Each structure stands twice: as structure tokens, then as C-alpha cells.
Amino acid sequence: MRKNKYIILFIIVYVMLFSSNIACASNRIVSLIPSSTELICAVGFGGEIVAVSNYCNYPIELTKSLPKIGDQNLNVEKILSLKPSILIDTNGIHSRYKDIFKKLNLYYVNIDVKTQDDIPKAALKIAFLLGNENNAKAFIENWNNELSKLPSIQNNKKVYVEIWNNPIQAVGGNNNIDSIIKKAGGINVFEKQNDYPIVNSEMIILLNPDIILLAYPETDIDSVKNRPGWKNIKAVKNNNIFAINQDTIVRPSPRNLDAIKTINEIINRVNMNEK
């Protein structure tokens with residue numbers, strides 16, 4: 001009799017474990033923002049995404065084939081029709097929908113990525129939520145390894161990053177792009193400002209950056225050079241104005257590593273040219 005009880009108990013435990021594994025293998029993920037999509041894919045769950053935002057464009061082959069659920073305004077009805085098991089946001093971009101999602105029994109999760117140090121933590125959180133923490137281990141190992149291989153900076157340069165040109169919007173301190181500049185070995189000229197301040201030409205001329213990075217679509221380096229009063233800025237005099245892929249630096253995602261490498265290379269190149 002006791003033996004039969006053990007057999008029944010074993011069967012129950014086995015079924016529970018088997019059911020749990022099935023659940024982990026059948027996530028139905030709706031990614032609400034591009035940075036979430038890129039991170040989900042980077043930790044190996046891209047195949048479980050059932051829909052993405054209108055702005056999601058990377059990985060290209062995956063995102064172009066998936067249903068779109070909106071941009072700043074979400075199509076909640078469409079999201080509900082997809083029967084998702086989880087909705088993943090970044091930095092609370094869609095937190096205003098939180099109560100609606102709760103009423104509809106939709107599982108909404110927000111991942112905070114405020115600096116580059118949060119990227120590995122975010123990868124681990126996503127992997128845990130989706131049922132396989134091991135997926136994050138390889139990503140984190142590669143992330144740390146790639147950062148450790150960056151060439152050292154012999155002479156740090158003052159870097160001005162412009163994320164919009166009309167009005168002129170810069171990158172301030174204590175945010176993800178600021179931490180990208182610092183990881184790359186640069187000094188953010190607006191690090192004492194908060195967030196992403198609107199600035200004027202006089203402020204930039206006074207700060208006199210060594211390097212200017214333009215991170216928005218359809219950049220025109222010549223028009224920046226020809227702004228009134230900018231000819232005496234070091235970066236302008238030495239032709240150290242560069243356009244950088246907006247998505248790799250503005251989105252808090254694994255592709256920030258590309259931005260770090262690019263900026264690090266630019267700083268080292270500028271140092272070499274000054275010798």
C-alpha cells in the first residue's frame with residue numbers, strides 16, 4: 001500500500017515538473033518597446049515573441065514578420081487577441097496602461113535600464129521571468145568580456161552628444177547614454193545637467209568639446225560646422241564631428257555595446273591624430 005502511495009506521489013511530481021517545463025517553453029511574449037525586443041532576443045527568447053511595437057526594427061528578419069501592436073498608443077484589443085503570457089516594457093514607457101492590463105489579467109512587467117551596469121541585470125531578470133536563467137549567463141559573460149577588451153584611453157576627451165537639432169537637445173548626466181560615454185572613455189560635457197536638456201549654442205561654445213557626436217536621423221555635419229560661432233570649437237576646428245547610429249546609443253539595449261566600441265574607437269583615433 002505504501003509502495004503505491006510513493007508511486008502515485010512520484011507520478012504527481014513528474015506531471016508537475018513536466019507541466020512546468022511546457023509552460024516555460026511556451027511563453028507568448030508581447031514586446032512593447034524596441035529595447036525590450038532587442039534584450040529578449042539577445043538572451044535567446046526571440047522565437048517566443050508573438051508581437052512587437054511599430055518602432056521595433058531589430059533583429060530585422062524577426063521584427064518585420066511579427067504583428068505590430070502600436071507605438072506610443074497601444075492597440076490593447078489586438079494585444080488581448082494574441083493571448084500573451086507576458087508583456088515586457090522598458091523604463092516604464094507604457095506604465096500608463098498598467099491598470100488597464102491588470103483589469104484584463106494581462107501580465108505586465110517593466111525592466112529598468114538606467115545605466116550600462118543595468119544591462120546584465122536586465123538580461124538576468126528577463127531570463128528568470130521567461131523560465132531559463134541559464135540563457136542569461138552566456139550573454140553576461142560575453143558582455144563583460146567585450147567590455148574588458150576595449151582599448152584603454154590615454155587621454156580622455158570632452159564629448160558632446162546631440163540627440164536632436166531643433167531645438168538643440170544634449171545628453172545630460174545620470175542616464176544610460178551618459179554611462180555609454182563614460183564606459184567608452186569619454187567625458188560628457190553636460191554631465192552636470194539632468195536627463196536630456198535643451199541647450200543653446202553659447203553653452204556648447206563655452207564647454208568647447210573635443211568631439212561632437214550626432215545621434216539622430218538625417219544628420220548634416222556641414223550644417224553643424226557652419227552654425228554661428230562654432231568655428232572655434234575644438235571639435236569643429238579639428239573635424240571631429242561624427243554621426244552615430246541613433247538606435248545603438250539612444251535605446252537602452254544590448255546594442256549599446258556597439259555604441260561604446262564606436263565612441264571608444266573615435267576617442268582613440270582623435271588622440272592618435274593629435275600626436
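How are H7 and H13 oriented to each other?

1. Helices H7 and H13. H7 (residues 134-148) and H13 (residues 256-273) have axes that come within 11 Å and cross at roughly 5°. H7 and H13 are therefore roughly parallel to each other, a term for angles under 35 degrees. Axes are lines fitted to C-alpha atoms, for helices over the stretch in contact, and angles run from 0 to 180 degrees between N-to-C directions. Helices (H or I, at least four residues) and strands (E, at least two) are DSSP runs, numbered from the N terminus.

2. Basis of the model. This is a predicted model, in which local features need pLDDT of at least 70 and side-chain atom pairs count only at pLDDT 80 or more, while totals for chains, interfaces and linings use all residues. Residues are numbered from 1 along each chain as its sequence is written, and side-chain values use heavy atoms, with hydrogens and water left out.

3. Leu62. This residue is found in helix H3 (residues 60-65). Leu62 is partly exposed, with a relative accessible area of 23%; the term lies between buried (under 20%) and exposed (over 50%), with a 1.4 Å probe and protein chains only. Leaving aside neighbours within four places in sequence, Leu62 is in contact (heavy atoms within 4.5 Å) with Cys41, Gly46 and Ile49.

4. Leu62 and Ile260. These residues are 198 residues apart along the chain, and their C-alpha atoms are separated by 25 Å.

Notes. Parallel < 35°, antiparallel > 145°, perpendicular 65-115°, else oblique.
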